[in-house]
Amino acid sequence: MDDSNSISMGHVDQTGGNEPAQSPEDRTITEEGRRAAQYIRDLYESGAKLWTKESLREIEDILEAGQPSRELKLRHMDGQQRETWVPPLDRIMNNQRTRRPEDELLLQGSLRAHFVCYRQMLYDAEGYDGSDGYYDRKHEVENGRYGRFLRSLEVVASTWSCQPGTGPSVQALTEEWEGVRALWLSSSACADLLTIFSHHKDLPKITKVVCFGLGCLSSPMDPDEKEVDYKRHMRRRMTQHAAALSVAAKVGELLGVDDIAVLAQDPAYTDDDRQFLDEIGIQVVGMHGAMGFVHVDDQSIVMSCSPDICVKQVIADIARPAAVIWNRVTTEEEDEFEWSTVVEPDGQEISVSPWTTDDDSPRTRKMIESYTRYTFVKDDANFTDIEVGIRKD
């Protein structure tokens, strides 16, 4: 998974998401686990939505209002509202400061919407052994035998550390932007992308471009990151924002309209990001990772490049956008099933799931069949395995 668009502000700790009940290597799938997973498959195949625009708007509004209570009711895959635990952000951050009182790095944090992808739900269900204590938490009340595995939307607390004063100012971003934008507009990748839209006959009506996870531009430098890598990642993110603006301009020209809006969602955006993006013509929507989806409709272009959430799966549930620019929808044969282990800089070993954060599903594969698909030119410096899809009307 290419995570160079992810938060580049030091170690990120997400608390509150689903975690494997035991080590992937050690777990045994019981008959009860198979039944639980099959229950989810049957529900999925019946057309049950993992997400709706209403549930996404709801969680964004709740988080925007401030730290919610320790429990809140969120919609689950079967449409039922069930209590879901909310991690206490202030306590988590205080505990981290206590563990490292000598640390001069700036600790920051936020509550965000977290999306549980389809394969993660199946994996969690397969680990069920039928015991009452499995996944039981005193702060979480679930209804129904398999209700605990139907949670596709939850709240996580993300914390990160960074070096104070190392992030670029709005003025510095503006100066860097001019050069990055000029390079993009003169590149073969830009020409290739815009040609796809120019040569496509009968474009659907398009009124906006909605971007997901294009990345923070003003983040302070990661304490473990080299300056050359920091600048490379920032330019990559800037290039993707420039691409969104150029697509909007080209589509507006082709359709004879002047006001193709460009919206962007990324919980990592800072106040400086929001100011800078507003100045160049991009409107930031929401601060907690869900509101961008509410803006997607059948007149939208959806753009995402290696996001750290399952953008494609959410879109497949809530809309049929006019066009998509995102990571290539893979075939079922390309799915990976083996877990791997990586060692972090502090020596800690962590298990890495075989599915990417923007994983595909039967629903995303079915959806893309109704789109004319174009291969985007290979440009690993700024985009990775990206395709363009334009809806067949």
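Predicted model: local features only at pLDDT ≥ 70, side-chain atom pairs only at ≥ 80, totals over all residues.
**Cysteines**
- Cys305 is buried, and its relative accessible area comes out at 0%.
- Cys216 is buried too, at 2% relative accessibility, which is under the 20% cut-off.

**How H5 meets H7**
- Helix H5 covers residues 170-185 and helix H7 covers residues 227-255; the two pack at an angle of about 65°, and their axes are 9 Å apart.
- As for handedness, H5 goes past H7 in a right-handed crossing.
- On the H5 side, the contact is made by Leu173, Glu176, Trp177, Val180, Arg181, Trp184 and Leu185.
- Over on H7, the contact residues are Met234, Arg235, Met238, Thr239, His241, Ala242, Ala243, Leu245 and Ser246.
- As a general point, an α-helix has 3.6 residues a turn, so residues three or four places apart point the same way.

**H10, tucked in**
- Helix H10 spans residues 311-318, and eight of its eight residues are buried, so the rest of the structure largely encloses it.
- The buried set of H10 includes Lys312, Gln313 and Asp317.
- Also buried in H10 are Val311, Val314, Ile315, Ala316 and Ile318.

- Ser306 has a phi near 50°, a positive value in a residue other than glycine.
- You'll find Ser306 in the loop between strand S9 (300-304) and H10.
- At 3% relative accessibility, Ser306 counts as buried.
- Asp202 also has a positive phi without being a glycine, with a value near 60°.
- The loop that holds Asp202 runs between helix H6 (188-199) and strand S6 (208-212).
- Asp202 is exposed, with a relative accessible area of 72%, and the cut-off for exposed is over 50%.

Note on methods
Residues numbered from 1 in each chain as written. Heavy atoms only, no water. Axes fitted to C-alpha atoms, helices over the stretch in contact; angles between N-to-C directions. Helix = DSSP H or I, 4+ residues; strand = E, 2+ residues; numbered from the N terminus. Left-handed = near helix turned anticlockwise from the far one by under 90°. Contact = heavy atoms within 4.5 Å. Buried < 20%, exposed > 50% of the residue type's maximum accessible area, 1.4 Å probe, protein only.
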